Amino acid sequence: MRFMRGPCAEAPPATDAMTCLADGLAFGPGLTVAARSAASASRLVVPENQDNLLLIDASGHAVRLYGQAPLRTRVAGWPAGHVRLAVLDGMGGHGNGRQAAEAVATALLDVPACRTLHELSSRFDTLHAALQARFRQPGDADTFRRPGTTLTLLEIAPGQAPLLYHVGDSRLYEVTADVALPLTIDHVPATGYAMHGMLGAREWWQQVHGEHRPQIAQAFILGNAFANPQVLDDGLRALDPASLPPFLRQMADRRALALRPDALYLLATDGLWACREPLPWLARWPRLLSDGTASVNEALDGLFHAWTNNPPPQLYIDNMTAIAIRFSGRNIDQTALPHSILTTFC
């Protein structure tokens, strides 16, 4: 099965790529955040921005995109010090990718703050089912026209390790001076093949990270096609250690994260590596993002400026959204995922 992002309507971008969407928000001591979203890096083609994001700060002030423009609000009763950060990449054969991402970003404002993985998974899976019923149209289970969106989210409670909830092919990266390390698994056909023993570590890495393929095997609202590529199941399938091959088990979709004090963390949609050969471009990220003297604003500015003005060869037209996060003094765990994980694939 091939889930392709639907066609984008021609529309001028409502948000400048260099506008920090986190301006005016306060995430509490030991946590700094910057965020950007843009329809495209191309000066020739400006598609509709079907990406979205959600930022809820430590006092319940929130920002998301609506109609491609930032919309600010306040979440009533939000617990002090709790933070929620998410990126979304809308898709859909009905042309409702932007609307699907907007619906999820808006609905996330009503999901209470979660302190456990069980609560996080239960509430978000329930939200998926409710929005799927809302967007369902006759025949969409057979023609795969139901819209959907990726959702890669961090739930950060005071004094606890951040909780990850991940659906789709947006990613969480850990960027240090040495490497940009993916901490999430793309929900794409290659991952399904690996789960069924049809791809080894190096083949999986090449197909997922060494190339850029506009295919997806699971998305929020859409459902999943992991069990049978020819059948779209309504539910979401959390990829956990029991279902993953050994080389992917430490990157389960829903888990508490161990953080490195020297790293910058990046939640991003795939427009930020949408080129024919992503790995040389990703190899530039440590220099662009990990300078310890640079603020997260400056780091993210540098990444978007390089993508726009000095992009890798054979750039694809795609929306690009990113949230840069730096932790210091809280939520830090020295047992973070080792960079030697790359030796498994390369």
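This is a predicted model: local features need pLDDT of at least 70, side-chain atom pairs count only at pLDDT 80 or more; totals for chains, interfaces and linings use all residues.
Let's start with the overall picture. The protein has 346 residues, and 59% of them count as buried. It's built from 9 helices and 15 strands. If you take contacts between residues at least 6 apart in sequence, 73% of those join residues at least 24 apart. The accessible surface comes to about 13,200 Å², with 54% of that belonging to carbon and sulfur atoms.

Now the aromatics. There are 8 aromatic pairs in the structure. One of them is Phe-124 with Tyr-165, an edge-to-face pair at 5.0 Å centre to centre, with 85° between the planes. Phe-124 sits in helix α2 and Tyr-165 in strand β8, so you've got a link between distant parts of the chain, 41 residues apart. So are these two buried or exposed? Phe-124 is buried, at 0% relative accessible area, and Tyr-165 is buried too, at 0%.

Next up, Tyr-173 and Trp-285. Their ring centres are 5.0 Å apart and the planes are at 65°, so this pair is edge-to-face. Here strand β9, which holds Tyr-173, is linked to helix α7, which holds Trp-285, across 112 residues. Tyr-173 is buried at 1%, and Trp-285 is buried at 0%.

On to charges. The count is 11 salt bridges. Take Arg-36 and Asp-301, where the closest N and O atoms are 2.5 Å apart. Arg-36 is in strand β1 and Asp-301 in helix α8, so this bridge ties together parts that are 265 residues apart in sequence. The two ends look like this: Arg-36 is buried, at 1%, while Asp-301 is partly exposed, at 26%.

Then there's a local one. Arg-98 and Glu-102 form a salt bridge at 2.7 Å, N to O. Both are in helix α1, 4 residues apart, which is about one turn of the helix. Arg-98 has 17% relative accessible area and counts as buried, as does Glu-102 at 7%.

Last pair: Asp-234 and Arg-136, at 3.5 Å between the closest N and O atoms. Both lie in loops, and the bridge ties together parts 98 residues apart in sequence. Asp-234 is partly exposed at 35%, and Arg-136 is partly exposed at 40%.

Terms used:
Residues are numbered from 1 along each chain as its sequence is written. Side-chain values use heavy atoms; hydrogens and water are left out. Rings of Phe, Tyr and Trp (its six-membered ring) pair if their centres lie within 6.5 Å; planes under 30 degrees apart count as stacked, over 60 as edge-to-face and the rest as tilted. Helices (H or I, at least four residues) and strands (E, at least two) are DSSP runs, numbered from the N terminus. Buried means under 20% relative accessible area, exposed over 50%, partly exposed in between (1.4 Å probe, protein chains only). Contact means heavy atoms within 4.5 Å. Accessible areas come from the Shrake-Rupley method with a 1.4 Å probe; for residues, only the protein chains shown count as cover. A salt bridge is a side-chain nitrogen of Lys or Arg within 4 Å of a carboxyl oxygen of Asp or Glu.
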